[in-house]
2 protein chains.
Amino acid sequence: MKAKALTSKGTRDFNSAQIFKRDFIISCIKNSFNTFGFSPIETPSFENTETLLGKYGDEGDRLIFKILKSGNFKKNIDDSTLLSDNLSLISSNISDKALRYDLTIPFARYVVQNQNEINLPFKRYQIQLVWRADRPQNGRFREFLQCDADVIGSKSLLQEVDFIHLFSDVFKNLKIPNCKIRINHRKILIGLSQVLKLEEKLIELTVILDKTDKIGKDKVVIEVIKLGLDPSLQDVLVNYLSIDGDFINSISSLNNLFNTSTIGLEGVQDLNSIYKLIHLNNLGNTKLVLDTSLARGLSYYTGTIFEVNASEEVNIGSIAAGGRYDDLTSVFGLNDVSGIGVSFGLDRIYIVMETLNLFPKIDKTKVTVLFANTNKNHLNYLLNGVNHLRLHNINTDFYPDVVSLKKQLKYANNIAVPYVVIVDDNEVETSSYCLKKMNDGSQITLSIEEIVKILKK
Amino acid sequence: MKAKALTSKGTRDFNSAQIFKRDFIISCIKNSFNTFGFSPIETPSFENTETLLGKYGDEGDRLIFKILKSGNFKKNIDDSTLLSDNLSLISSNISDKALRYDLTIPFARYVVQNQNEINLPFKRYQIQLVWRADRPQNGRFREFLQCDADVIGSKSLLQEVDFIHLFSDVFKNLKIPNCKIRINHRKILIGLSQVLKLEEKLIELTVILDKTDKIGKDKVVIEVIKLGLDPSLQDVLVNYLSIDGDFINSISSLNNLFNTSTIGLEGVQDLNSIYKLIHLNNLGNTKLVLDTSLARGLSYYTGTIFEVNASEEVNIGSIAAGGRYDDLTSVFGLNDVSGIGVSFGLDRIYIVMETLNLFPKIDKTKVTVLFANTNKNHLNYLLNGVNHLRLHNINTDFYPDVVSLKKQLKYANNIAVPYVVIVDDNEVETSSYCLKKMNDGSQITLSIEEIVKILKK
């Protein structure tokens, strides 16, 4: 039976032109990471399942790809368990590894496993694939590249300040205009749950808040009432939701709102300190806004949280995000280490750059010249020319078969190679090569050394 | 319960120093691929299981990592199947995706799926991870990087010639001396099975031959006799095994041996044509030898096969390999397309380079300068300096907390940063910064512009 030649759902092939564009984005991001003092690490694509499970909430656990044990995967499971409906118990018996769901948890594992080799504060970047069993949709794939930078082992709010500058540096290098960095603080969300007397329903409350952009403030109020909000506190929620606009004013409104919540005030204080240290003129045309509805799904955040959106012309969701996570390494046995990090989503940035036509002119091929193959008697002469150019680091290919020159020139056009070299009796007799420029069809007969001079990178 | 902070068996973390070395190898290989006219593609990490199964022989199928279906993975399997011993039937029901085992089959799938977009002959390179459920050992991992170059859609033996030149180009760039390219031909192996009257046992025969290096020629003869070799043909096998040394002489011996095998003679003829077109002086100190015991495990090869070994000082197995595969795409419904390709194993090349001490001096960090943080009143002044250097693309970090200078200098030493900037009252008053060179401890007070000049890449 023939297999269908199809990529698996939610995954993609990339051709050269796409890779050149992706590499452009990656090299801009990497350049900013390096400039800001981050160093690269890499972790394996799969981890022991226990490393990943329970770190991303129930929804996250569900979306983690699990790998079947190799060999006899049924060895450690009894028949009654196998026939039961307890899917997570079954999978924990027949699978012991899982694909990376993000880069943060593997990083935390890395820090703990390699704690004797690293120096805190430890600044690392990591540009690797992650996998999620999500339903694919526009800009959301089952395999995608994350570009993460994190600092672990520093509680200083200077880190938050630096990440805000990093966001703007990346988007300045990519020339993506009018990005908006939305910032909030998990302690502000906890503070809200306290002043609304909904501490027990913090997660449900933040899930509703996170939908403000989609469903509107009125519906948020209705849903929070359904959640059990005391009608006498409805005004407090409405006040919270009306906080908008100027950063300084928002800080002041929040301070008033949280006069009974110490933890809420701590969050406001953090954001205020961060804001004061930002060099606003360094942010270029990236804007920083306090967005009290921002919640971030991942359960490990404990402090400042960020999300970055491109301008509203491109409706693609966040293109970068991050936050502070206190004590994430404690799940692996290393306590009292605070971390903070951000992640850039390559695929969405790509869509933004395509939509806004921001890619610079990128060649469709890196092949500079193709030697046409028109006479089998001249094969060695042709290969000498090919070798000569390659020795000068010029990207050189040859057509492998003696077919009509017309067919070979058509091939050269199709692969977008800018030059073709043609060899015939005349060239061999005069120790020369005929160089054809494909964009205007012009031809000139030259020595191989002269061709090197023209084509040299 | 705390999870143990441990990478999964057979997988590895990489720190920055290791990544810089790996990147050195990758960029040399990539440079050769580009010079030889290959263009990059990428394929997803996992494929539909049917794309991979049955392409690598039984052993290969066993070593493919299968991914559990997401959601209710038991939905399409009945209880009796689930309880049966038919592991492959069960796994084909509860798993529909599998991790890439090599880059060749996904490439064949890519060619068929994207056949309307590509031009034949299609030359691509692909540098991506592959996964095998092998037992880890020295130089063998469960996750490793392959660097592949293939041409599909050309039967020309010029491709074989070019790949031999490519091998030598890569190892010349990496400065790995005395590599040995071993070449053989599947038709020679078939020819041998014919003259030994063991056509029915071709696979078993080649498995035995492949062990010649390990077990010696005498034991090969004993094992082939066990396989059913007619004693009267023992001399033919002994003659075959004694073929060694000079390429031209080997060709001539094989021609004599195969006077009754047309297919064997075809293989010899191919190797002879290839040899005549090689520019031996281009091979540098890489040697090309005809090795009649070379078999290559993967079942899809049909023509020339290659393996490259480093010098015998490093006993690590092959560091690159490849071969021609006729009609591989036909399993996906595209017939009559011949391909040929080679694969470089990054991890083994890394071990060779380490063992022979071939890596050039590679910096331990790319961070150029660390600003010490000694006075909270000067924080803004410090950040101004940091921003200024970063705007000039100088990789700059700062210490986030005000702690003793001694501690900060120790940190700077540990992360191997070559310069530290120190700011105190004196510097702020004179609008300057104190630059300390870490290797000799010298200090000099300069304007930020003067520091830019010194540190500029």
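This is a predicted model: local features need pLDDT of at least 70, side-chain atom pairs count only at pLDDT 80 or more; totals for chains, interfaces and linings use all residues.
**Entry 1: B:Phe33 and the cores**

Leaving aside residues up to four places away in sequence, B:Phe33 touches B:Phe38, B:Tyr125, B:Ile127, B:Cys147, B:Asp148, B:Ala149, B:Leu166 and B:Phe344.

I then looked for the largest nonpolar core, and found that it has 125 residues. B:Phe33 is listed among those with the most contacts inside this core, along with A:Phe371, B:Leu166, B:Phe171, B:Tyr240, B:Phe344 and B:Ile349. I noted that helix H7 of chain B, residues 158-173, gives this core its largest share, eight residues. Another core lies apart from it and has 124 residues, including A:Ile208, A:Val221, A:Ile278 and B:Ile394.

**Entry 2: where chain B meets chain A**

I asked how many residues each chain brings to the contact. I found 105 residues from chain B and 105 residues from chain A.

The size of an interface is often given as the accessible area lost when the parts come together, and I looked that up next. Chain B and chain A bury about 9,000 Å² between them. Carbon and sulfur atoms carry 55% of that area.

I picked out the one in which the side chains of B:Arg390 and A:Asp162 meet, at 2.8 Å from N to O. Helix H16 of chain B, residues 379-391, gives the most to the side of chain B that touches chain A, with seven residues.

**Entry 3: strand E7 of chain B**

I checked strand E7 of chain B, residues 180-185, and found it mostly covered, with five of its six residues buried. Which strands pair with E7(B)? One is strand E8 of chain B, residues 287-290, which pairs with E7(B) in the parallel sense over four bridges. Here B:Lys180 has B:Lys287 in E8(B) as its bridge partner. Another is strand E9 of chain B, residues 304-309, which runs antiparallel to E7(B) and is joined to it by six bridges. In E9(B), B:Glu307 is the bridge partner of B:Arg182.

**Entry 4: A:Val428**

I located A:Val428 in helix H18 of chain A, residues 425-429. Is A:Val428 buried, partly exposed or exposed? Its relative accessible area is 27%, so A:Val428 is partly exposed; buried would need a value under 20%, and exposed one over 50%.

I listed its contacts beyond four places in sequence: A:Val428 touches A:His378, A:Tyr381 and A:Val423. I also looked up A:Ser27, which is 401 residues from A:Val428 along the chain. Their C-alpha atoms are separated by 44 Å.

Note on methods:
Residues are numbered from 1 along each chain as its sequence is written. Chains are lettered from A and ligands numbered from 1 in the order in which they are written. Side-chain values use heavy atoms; hydrogens and water are left out. Buried means under 20% relative accessible area, exposed over 50%, partly exposed in between (1.4 Å probe, protein chains only). Helices (H or I, at least four residues) and strands (E, at least two) are DSSP runs, numbered from the N terminus. Two strands pair if DSSP finds at least two bridges between them. Contact means heavy atoms within 4.5 Å. A nonpolar core is a set of buried Ala, Val, Leu, Ile, Met, Phe, Trp, Tyr and Cys residues joined through side-chain atoms within 4.5 Å. Buried area is the accessible area (1.4 Å probe) that two parts lose on being put together, summed over both. A salt bridge is a side-chain nitrogen of Lys or Arg within 4 Å of a carboxyl oxygen of Asp or Glu.
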